[in-house]
Amino acid sequence: MGKNIDRKYVLELFNVYQQYDGRIILNDISLRIRKGEFVSIVGPTGCGKSTILRMVLGSETPSQGIAAMEGHLIKRPDSRRGIVFQKYSLFDFMNVRDNVIFGLELEHFNMMDNYLRKIVPFLYRKKVKNFREEADHFLEKVGLLEHAENYPHQLSGGQRQRVAIAQAMIMKPQILLMDEPLGALDVGTREAMQIFIQGLWSQTEQTILFITHDLEEAIFMGTRLIVLSQYYKDGKNGSKIVEDIKIPWPQPRPTTIKHTKEFSDIMEGIRHAGLDPTHMQDINDFNIQHEDALCSVKKVGE
Amino acid sequence: MQTKQNMFSLRFKQKLIDGGLWLARLPGKTLEAFKRIPRLIVKELFGIGKEFLEMIKNFYRLRTIPGKRISFLLSLILFLVCIKLYYNTSVERHTENPQDKLVPTGEQLWNGFRKTIFEVKIREEYDTNGEVIKNELPKSFREARKHDKQAFADRKFVNKKEMWKNGAARNYLKQGESLLWQDTKASGKRILIAMVFIFFGIYIGLVMGAFPYAEKVLYRFVLFFDKIPALAVLPILFIIFGLGETSKIALIVIGVAPTVILDTYLKVKEVHDEQLVKGMTMGASQPEIVFRIIFPQIIPKVLDTVRLNFKAVILFLIAGEALAAEAGIGYRIFVVRRYMDMATIFPYVVWISMLAFIVDMAFRSWISRQYKWLNK
C-alpha cells in the first residue's frame, strides 16, 4: 500500500449494521464510493440516512462491520472529510471570511500561536494574508465575496449554506458530506442551490456524498443514486440499500429535465421499490399485525 | 481648468463665508427661538391634555399605546407619592419632637450628605507611645497649596519635588478623604478580589460542561455546594479565616460562584453538537474545540449572568461587613444604625444603588459593543 498506488475507492462500507437499544437501524449495508463521484442517498424519514453519514464522518461507530476511508478505519471526524449540515454549520461569533479562514487557522496555528498572534501580529502577517487570499478565492467561487464582512445572522438561508460549503471546501477534503443541506430552504432558493452545487461539482470534481429525503432532488443532483428503505420481507427490520442506480445525464443539468419521461420513469421505479411515504404506512401496519416480525427484531437485538 | 490648490482655497473661502453668515444670523435665530417658547409651552400643554383625555377614555382597555408625555408623567406618580408620604411623616414627627432623627427633614438630610460626601474625615494616627496625634488639616486643597507655596518661598523645601512629597497638599489628598470615599474604596477592593475568583468559576463551568468525565467528578458536588445558604456558613467562615478580609471575600465567592459555574455549565450544554463535529472536521484538537469554538459562543451570555449576579455580590458584601470590619459601606450603615443616624444611612443606600446601577449599565453596554454578533 504505497502512496503511488492510485486507490479507486475513497470510501468503503463493508456489511455495516447499526442498532440503538436493540432496535436495528441499518441492516447489512455495503457501499463503495469512487473518487469524483456525486453520490446522493435518498430514503424516507427515519430510515438511517443520517446514521450512515455519521458513520462515514466518524462521530458514530457501527455496531458491526467496517467503515473505512482510503484503506484505514474511520475512528473520529477529521479534516479529510468535510461536512455541511442542515443547520448550525457556521460559527455565529465570526464574520463570513473568518468562518472560511477558521479551518486554515486551526490547521496552521496551534493554541500558542493563537495567543501570540494577538500580542505580536506582525510575525503572522504574511501567513494571514495568504489565508485571506485563499478564503476570498473560495468566497468568490460561491459568489459571496461582497458579504465577507457580514455576520452569519445577516445572511439568508441559501447564502449561509454556500458559506458552509466554502468553509468545508477550503480544507480540500477527500470527500464532502452533505446532510440535507437544502432541507430548510424555500423552493426557489432550493432550486438555485441545486444548480449551484452541480456547477461546483462539475468544476472541481470534488467527491460528494449528498443526503436528502426528497426523491426528485436526489435524482436531479447525483451521478449515482442510492435508495435506502425499511426492509421487512425476510422478517428482519432495519434499512437496506434497495436500489443503486447510475444516472446518465451529464452535469450541470437543466431544471427542465425534471419534466421528461425518463426522469419520471426512474422516479416510478424507485417508488415501486419502497420509498413512497404511503408505502411506509404499509410497513408499519405490517409490523403491528405480524408479531413474529417484531419478535425476530428482538432476537437480532439480543 | 482649476488646479487642486485653487479648489482647496475656494472651498476654504466658501467655508469662511458660510461661517460668517451663520454668525451674523445667530442673534436673529436665538430671538426667534425665544419667541417660539410660549407657543411651544402651549403646544405641550395641549398635547398633555389630549393624551390625558385619551387616558381617561382608554384606561381599562387592552392593547392601547399611551402617549409619550403622559407615560413620563405616569411613571413619576409613585415616586412623588413616596416623597409626599415621607414629607408628611417627617413634619408630623418634628412637630412632636424637634430633635427627631428617625425621619430627618430636608435640612438634616442635606447636612448628612455634606457630612458623608464632602466633609473631610481625619484619619487618626498613633505615635509610638500609643497616644493620638491630631492632624490639623487645612480646610481645602487650595488652602493647602497656598500654604505650601508660602513655605517654598520661605525656603523650607529644597525643591518642588520635596515640596510635593512633604507638603500639606499631598497630606490633604492622602488623609483628607471623605468617609464615603474611604468606605467605597474598602468595599470596592473586596468586590474586585471576589470577582477574580468568580471569573475563575467560568473556567470550572467550561471544563465541567465540555468534558463528561470532569462533569461526573464535579457536577453533584457543585450542585450541593450551590444549595448551602452562604449566610448560614458565615460564622464558620469567620472562625476559619478570622475577622480579616479573607472571610468576607470567601463569603461572596461561596455565595455567587456556584451560580456562575452552573450557568456556564448549562450554556456549554446548549452548544449544538454540529458545531463540535464541524470543528473536528476542520482539524481542531480537543482544547481548541473548548477554547476556540465553545468559549467564544458562551462568554457573552455568561458575562450577562455575572452582571445579573452583581446584586448578590453586594448583598453578601454588606452582610459580611455588617458583622466585622474596619471600613466599608455595609460596615458604616450598620455602625450608624446604633445612633439611628438616618441622615447618614440614606446617602449610603443611594450611593451603593447608584454605583451598582452604573456598573451594571457600563458592563451591559460593553458586552453589546464587544460582541456585536449577539445583536440579532
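Helix H14(B) passes helix H15(B) in a left-handed crossing, a term used where the near helix is turned anticlockwise from the far one by less than a right angle. This is a predicted model, in which local features need pLDDT of at least 70, side-chain atom pairs count only at pLDDT 80 or more, and totals for chains, interfaces and linings use all residues. Residues are numbered from 1 along each chain as its sequence is written, with chains lettered from A and ligands numbered from 1 in the order in which they are written.

The contact of H14(B) with H15(B) involves Ile329(B), Arg332(B), Ile333(B) and Val336(B) on H14(B), and Thr344(B), Ile345(B), Tyr348(B) and Ile352(B) on H15(B); residues are in contact if their C-beta atoms, placed from the backbone, lie within 7 Å. These residues comprise 6 nonpolar, 1 polar and 1 charged (nonpolar: Ala, Val, Leu, Ile, Met, Phe, Trp, Tyr, Cys and Pro; charged: Asp, Glu, Lys and Arg; polar: the others, Gly among them).

Between the chains, the contact takes 24 residues from chain A and 19 residues from chain B. On the side of chain A that touches chain B, strand S6 (81-84), helix H2 (96-108) and helix H3 (111-119) each supply at least two residues (helices are DSSP runs of H or I with at least four residues, strands runs of E with at least two, numbered from the N terminus). The largest share, 4 residues, comes from H2(A). By class, this side of chain A has 12 nonpolar, 7 polar and 5 charged residues.

The model scores ipTM 0.83 and pTM 0.76. Chain B averages a pLDDT of 86, and 91% of its residues score at least 70; pLDDT is the predictor's confidence in each residue, from 0 to 100.

Technical notes: Two residues are in contact if their C-beta atoms, placed from the backbone, lie within 7 Å.
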